[in-house]
Amino acid sequence: MPYLHYLCNMILKKLTILNYRNIATAELDFSPKINCFVGHNGEGKTNVLDSIYFLSLTKSMASSLDSQNVRHGEEMMMVQGIYDLNGVEEEISIGMRLHQKKHVKRNKKEYRKLTEHIGLLPLIIASPNDSFIISGGSEDRRRLMDIVISQYDAEYMAALSAYNKALQQRNAMLKAEEEPNMEIISVFEEMMAETGECVYKKRKEFIEEFIPVFQLFYQQISGGNEQVGLQYTSHCQRGALLQVIQQDRARDRIMGYSLHGIHKDDLEMTLDGYPIKREGSQGQNKTYIISLKLAQFDFLKRTGSKTTPLLLLDDIFDKLDAQRVEQIVNIVSGDSFGQIFITDTNRENLDKILERTQGCYKIFHVEAGNIHD
């Protein structure tokens, strides 16, 4: 995919937080380039990044339950961001009370559907939790694809949602005590096949363009010392998805859930031809994941809203040698990247980055949920 000549510049100018996780209150004005949060582990640095993530994707990266984002002992929470989108000011706010639904507003007007908001404020985050991309189950690797494609392709998001609903309904019938109605199961299978093949096609196209960019970033960071690979596997590769889903109906009934479909898609990750899960050192695994994230950023920048995404780097320098840290710093300090938010416990790592910014940065100190510059 060729680079677009026109990109919308996005800056998060101001962030207001009230009772979000361990942060009671904060009003932060940001640098348009690099913003650093320094403090010990557990003080709230990651929660600041999570609030920014929340504004972009309307959910926390730390919890699937919105109520868990409300500070202990409080009844409500609110996060508000003032953005500059190519010279146009946008105010995004998300608020909720315990045991009630959240309200997501753009310029004080509430969205009818949350999906209308996804993609307006593209964002990529790299964090220690990303280690599960390599060590965890296939759902962690599917999320790697979903988090990017959903931010630029509304059809993908709709197809994936419809597939998951049909899958849940089929599984409910499979695990029921009474014998399921095969005509109804067939309807759910047809819905899974139609929407699943749409999801597969878009994932396949994404990965084909994504791989060379990912490999290039890995080469830059590692100094060309290792070769990495990434391969997409799916039951759709076995033939028509409807036939693949239906062929093991009897076994699915015994197991009580669907054994075949795009909910089993995976990414095979290799280092020098071997599974990185088995062969990679901590530094190599970290380099692999950061390269994936930088490639996600690059891809998202060239698609969808044609907006340079925000880049959030949460404690990414741990377990990396000085040379690899240096290479990452060189990459993210370049003109290809826009506004960046970084957390670290080590001020020395941040100083190396700040040396290249020509003064366009801000440092915030975080202690027990209190943030000051």
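Me: Over how many bridges do β1 and strand β4 pair, and in which sense?

Reply: This is a predicted model. Strand β4 covers residues 76–85. β1 and β4 run antiparallel to each other. Their pairing extends over eight bridges.

Me: Which residue of β4 stands opposite L18?

Reply: β1 spans residues 10–20, and it pairs with β4 in the antiparallel sense. The residue of β4 that stands opposite L18 is M78.

Me: What is the bridge partner of L18 in β2?

Reply: Strand β2 covers residues 23–29. β1 and β2 pair over six bridges, in the antiparallel sense. The partner of L18 in β2 is T25.

Me: Which residue in the turn between β1 and β2 has a positive phi?

Reply: β1 and β2 form a hairpin. Two residues lie between the strands. The positive phi, about 50°, belongs to R21.

Me: Is strand β1 largely enclosed or open, and how many of its residues are buried?

Reply: Buried means under 20% relative accessible area. Strand β1 has 11 residues. It is largely enclosed by the rest of the structure, because the number of buried residues is eight.

Me: Which strands stand at the edges of the six-stranded open sheet?

Reply: The order is β2-β1-β4-β5-β6-β7, with antiparallel pairing. An edge strand here has a single partner strand, so one side of it is left without a neighbour in the sheet. The edge strands are β2 and β7.

Me: Which residue of β6 stands opposite I92?

Reply: Strand β5 (residues 88–97) pairs with strand β6 (residues 103–106). The sense is antiparallel, over four bridges. Opposite I92 stands R106.

Me: How many aromatic pairs does a search of the whole structure find, and is the pair of Y20 and F54 stacked or tilted?

Reply: The search finds 13 aromatic pairs. The ring centres of Y20 and F54 are 5.5 Å apart. Their planes lie at 50°, so this pair is tilted.

Me: How many residues apart in sequence are the parts that Y20 and F54 tie together?

Reply: Y20 lies in strand β1 and F54 in helix α1, residues 45–57. Both Y20 and F54 are buried. Because of where the two residues lie, their pair ties together parts separated in sequence by 34 residues.

Me: Are the rings of F297 and F337 stacked or tilted?

Reply: The centres of the F297 and F337 rings are 4.5 Å apart. Planes under 30 degrees apart count as stacked. The planes of F297 and F337 are at 25°, so the pair is stacked.

Me: Where is F337, the partner of F297?

Reply: The pair links distant parts of the chain, 40 residues apart.

Me: Is K293 buried or exposed?

Reply: K293 is in helix α9, residues 282–301. Beyond its neighbours within four places in sequence, K293 contacts I124, I125, A126, D130 and I133. Its relative accessibility is 9%, so K293 counts as buried.

Me: At which residue does helix α5 bend?

Reply: Helix α5 covers residues 182–222. At its start, a side-chain oxygen of N181 reaches to within 2.9 Å of the backbone nitrogen of E183. The bend is about 35°, and a proline, P212, follows within four residues. The bend is at F210.

Me: Which residue just after α5 takes a positive phi?

Reply: Helix α5 ends at residue 222. Just after it, a phi of about 75° is taken by G223.

Me: Which backbone nitrogen does the side chain of Q151 reach?

Reply: Q151 is in the loop between α3 and α4. At 4% relative accessibility, Q151 counts as buried. Leaving aside neighbours within four places in sequence, its contacts include L57, I118 and L300. At 3.1 Å, its side chain reaches the backbone nitrogen of L123.

Me: Over which residues does pLDDT stay under 50?

Reply: The mean pLDDT of the protein is 92. Of its residues, 97% reach 70 or more. The stretch under 50 has seven contacts beyond four places in sequence, and it is residues 1–5.

Note on methods. Residues numbered from 1 in each chain as written. Predicted model: local features only at pLDDT ≥ 70, side-chain atom pairs only at ≥ 80, totals over all residues. Heavy atoms only, no water. Buried < 20%, exposed > 50% of the residue type's maximum accessible area, 1.4 Å probe, protein only. Contact = heavy atoms within 4.5 Å. Bend = angle between axes of the 7 residues up to and from the residue. Polar contact = N/O pair within 3.5 Å; in protein donor to acceptor, adjacent residues only side chain to side chain. Pairing = 2+ DSSP bridges. Phe/Tyr/Trp six-rings, centres within 6.5 Å; stacked < 30°, edge-to-face > 60°. pLDDT = per-residue confidence, 0-100.
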